[in-house]
Amino acid sequence: MQVDPRGQRFAAALTTLVLATALATGNPWVLGFQALVFAVAVAMGVRRSPYGLLFAFVVRPRLGPAASSEDARPPRFAQGVGLAFAALGLVGYLAGPEWLGIAATALALFAAFLSAAFGYCAGCETYLLGRRLLASGRTA
Amino acid sequence: MDLPGVVVLATTLLLATVAGLVWRRGLGRFRAPAPPRGRAVPTGGRWTVHRRESTPGEGEDMAGSDEDTAVGVLTAEDIGAALGERATLVQFSTAFCQPCRATRRILGEVADMVGGVAHVEVDAESRLDLVRRLDILRTPTVLVLDASGRVVRRAGGQPRKPDVIAAIGAAVS
């Protein structure tokens with residue numbers, strides 16, 4: 001499946017805003033909302049996530065058709081990583097300790113900001129490293 | 001407002017900006033490969049650092065045989081395809097890598113344009129042995145081999161076409 005890279009950038013920008021709000025207010029509901037968005041993107045694909053739909057119906061009609069498309073698997077993988085950090089952050093905010101909530105949200109924000117502002121590809125930079133570590137753990 | 005959260009927010013955005021600028025600057029830049037690094041090896045219960053010399057033919061710990069497995073040399077057998085007559089562009093890719101497609105197109109075009117240059121794409125996930133041996137951390141990673149298979153240039157991230165051509169220049173000269 002293919003996705004519009006501009007939609008990914010748009011979703012990353014919204015994610016950055018929501019996570020920044022969660023961090024500034026320390027409100028677990030805001031983080032919970034973002035975790036839900038991540039979960040929908042992982043389960044249904046990034047095009048059917050709330051941000052993906054918003055892009056398709058509101059933003060793209062104003063931008064015109066996509067000049068290029070990209071594989072949907074890398075952004076989906078990145079959403080899964082985001083979900084893991086958001087879930088960890090929720091545990092921190094709701095059950096404590098609070099620093100865990102702050103740290104996990106900050107890490108998710110770090111990655112979302114990098115992909116929104118610089119087009120950073122988290123899957124490219126981390127997936128292989130993860131595979132290497134997993135494989136060495138298994139053989140060691 | 002949550003004061004520690006606001007402080008962490010400001011710090012995170014600042015660090016991410018610096019990280020992003022550094023990341024973008026190094027993207028797709030060709031460099032001569034780093035010399036073999038010192039490596040921590042446990043001996044007698046203690047961690048000592050063994051500095052390895054780049055003697056050709058010195059065995060790599062991951063590889064089975066002792067011969068022809070120098071860190072910086074790849075054979076046709078290693079990459080599963082014939083080496084180019086003058087140079088070879090070896091691209092490591094994964095499915096979770098969107099710039100790998102653009103990189104494939106760029107390298108393919110260069111290989112078609114410059115005679116004696118082959119483009120070989122390696123699926124990094126199915127070749128973790130090579131990935132470890134060459135210490136590849138990200139995809140796409142592009143290696144430029146000379147006619148004998150020695151790694152002369154290396155770039156992480158999608159390279160620009162003129163840079164690829166310049167790197168080939170370094171391999172054939």
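Leaving aside its neighbours within four places in sequence, which residues is Gly116(B) in contact with? They are Gly84(B), Glu85(B), Arg86(B) and Ala87(B), where contact means heavy atoms within 4.5 Å. This is a predicted model, in which local features need pLDDT of at least 70, side-chain atom pairs count only at pLDDT 80 or more, and totals for chains, interfaces and linings use all residues. Residues are numbered from 1 along each chain as its sequence is written, chains are lettered from A and ligands numbered from 1 in the order in which they are written, and side-chain values use heavy atoms, with hydrogens and water left out.

**The two chains**

- Chain B contains 5 helices and 6 strands, where helices (H or I, at least four residues) and strands (E, at least two) are DSSP runs numbered from the N terminus.
- From the N terminus on, the order of these elements in chain B is α-β-β-α-β-α-β-α-β-β-α.
- Chain A has 6 helices and 2 strands, arranged along the sequence as β-α-α-α-β-α-α-α, and 43% of its 140 residues count as buried.
- Among contacts with a separation of 6 or more, residues 24 or more positions apart account for 64% in chain B and for 72% in chain A.

**Strand β3 of chain B**

- Strand β3(B), which spans residues 87-93, is mostly covered, since 7 of its 7 residues are buried.
- In a regular strand the side chains alternate between the two faces of the sheet.
- In β3(B), Ala87(B), Leu89(B), Gln91(B) and Ser93(B) point one way, while Thr88(B), Val90(B) and Phe92(B) point the other way, and all are buried.
- On pairing, which requires that DSSP finds at least two bridges between two strands, β3(B) is joined by 7 bridges to the parallel strand β4(B), residues 117-123, and in that strand the bridge partner of Ala87(B) is Val117(B).
- β3(B) also pairs with strand β5(B), residues 141-146, in the antiparallel sense over 6 bridges, and there Val90(B) stands opposite Leu143(B).

**Gly116 of chain B**

- Gly116(B) lies in the loop between α3 and β4 of chain B, and Gly116(B) is partly exposed, with a relative accessible area of 28%.
- Although Gly116(B) and Thr88(B) are 28 residues apart in sequence, their C-alpha atoms are 8.4 Å apart in space.

**Where the chains meet**

- The contact takes 34 residues from chain B and 33 residues from chain A.
- About 3100 Å² is buried between chain B and chain A, with carbon and sulfur atoms giving 68% of this; buried area is the accessible area (1.4 Å probe) that two parts lose on being put together, summed over both.
- On the side of chain B that touches chain A, α1 (3-26), α3 (99-113) and α4 (128-133) each supply at least two residues, and the largest share, 15 residues, comes from α1(B).
- By class, that side of chain B has 20 nonpolar, 7 polar and 7 charged residues, where Ala, Val, Leu, Ile, Met, Phe, Trp, Tyr, Cys and Pro count as nonpolar, Asp, Glu, Lys and Arg as charged, and the others, Gly among them, as polar.
- The count of salt bridges between chain B and chain A is 0, a salt bridge being a side-chain nitrogen of Lys or Arg within 4 Å of a carboxyl oxygen of Asp or Glu.

Technical notes
Buried means under 20% relative accessible area, exposed over 50%, partly exposed in between (1.4 Å probe, protein chains only).
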